[in-house]
Amino acid sequence: MSRTVKRSFFSQYFWFLLTFLCRLLSFNAMRRLLTRVLNRVLLGGSFTPATGTEAEVHTHARRKLVVGLGNPGMEGTRHNVGMAVLGALAARLGVADRWRGDKYVSGEVILSEVQQTHVVLLRPRLLMNVNGVSVAKAASKYGIKPEDILLVHDELDKPLGKIAVKRGGSARGHNGVRSCVDCLHTDVMPRLRVGISRPAGKTSVERHVLSRFTSEEQKVLGSVLVQSVELLLSQISQQDLQPPSPPAGGGRAPAGDSAAAQS
């Protein structure tokens, strides 16, 4: 093959690759833009003040919102491990039978108390990519600050069996967290990240996160749920969930995993 032919071949290959990457980036950018628009649309509407038992949450100095991120109707999948943890927490608190639908927040809630701290448990009933709409509405309804919202979600970059608390910062590619950051206009929310491992072989990330845990993984998951609940209770019982205040002029909390990581 002559140099001219080789040069032509590589030029065409490079151009094809560059075009493909540009289209891919455009697609991802467009998808994120559409998701943000959808977040805004779903957040529209008037605020419904809390009444009755719900109003009691506003009368107490300490209140927290704990959210299990996930997709409705997809229990048992890796992407819904946050909801599984929240279910285990509700069982530990003896309130697992108190879930009730709340149309205003587009989710299911439980009002409970942990060591004189009023706690709202939330399971969004919207798709993962717009979970932030439920979180923002619940925070508004119950008067809870972003730094007192604890998000529980799956984490690809940690193996199954590993959990850790992250003190705000980037969504790290997690669409549910990204939606929360977009809807709350801040990234200070602490998160409990529950490892689900990355897919093996040629399995795509999308297929992996939406698949169910294997029987062997289920054995590990039981221990993970117990550890996660203990860590959540520890975080809720703290005087504050928020990280140290940023320097003057700073707008966001520093990111990073806390020393509470578990094996």
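Entry 1: A cavity here is a set of points on a 1 Å grid over the protein atoms alone where a 1.4 Å probe fits but cannot get out, and its volume is the space filled by probe spheres set on the points, which are joined across faces, edges and corners. My search of the whole structure gave 1 cavity of 30 Å³ or more.

I note that this is a predicted model, in which local features need pLDDT of at least 70 and side-chain atom pairs count only at pLDDT 80 or more, while totals for chains, interfaces and linings use all residues. Residues are numbered from 1 along each chain as its sequence is written, and side-chain values use heavy atoms, without hydrogens and water.

**Entry 2: the lining.** I listed the lining residues (an atom within 4 Å of a point): His153, Glu155, Lys166, Ser170, Ala171, Arg172, Val177, Arg191 and Arg193. The elements giving two or more residues to this lining are β5 (149-155) and β7 (190-195); strands are DSSP runs of E with at least two residues, and helices are runs of H or I with at least four, numbered from the N terminus.

**Entry 3: helix α5.** I checked burial (under 20% relative accessible area, 1.4 Å probe, protein chains only) in α5, residues 175-184. Of its 10 residues, 8 are buried, so the helix is largely enclosed by the rest of the structure. Among the buried ones are Val177, Cys180 and Leu184. Just after α5, I found histidine 185 with a positive phi of about 60°.

How values were computed. On a 1 Å grid over the protein atoms alone, a cavity is a set of points where a 1.4 Å probe fits but cannot get out, and a pocket is an open set with protein on both sides within 12 Å along at least five of seven lines; lining residues have an atom within 4 Å of a point. Buried means under 20% relative accessible area, exposed over 50%, partly exposed in between (1.4 Å probe, protein chains only).
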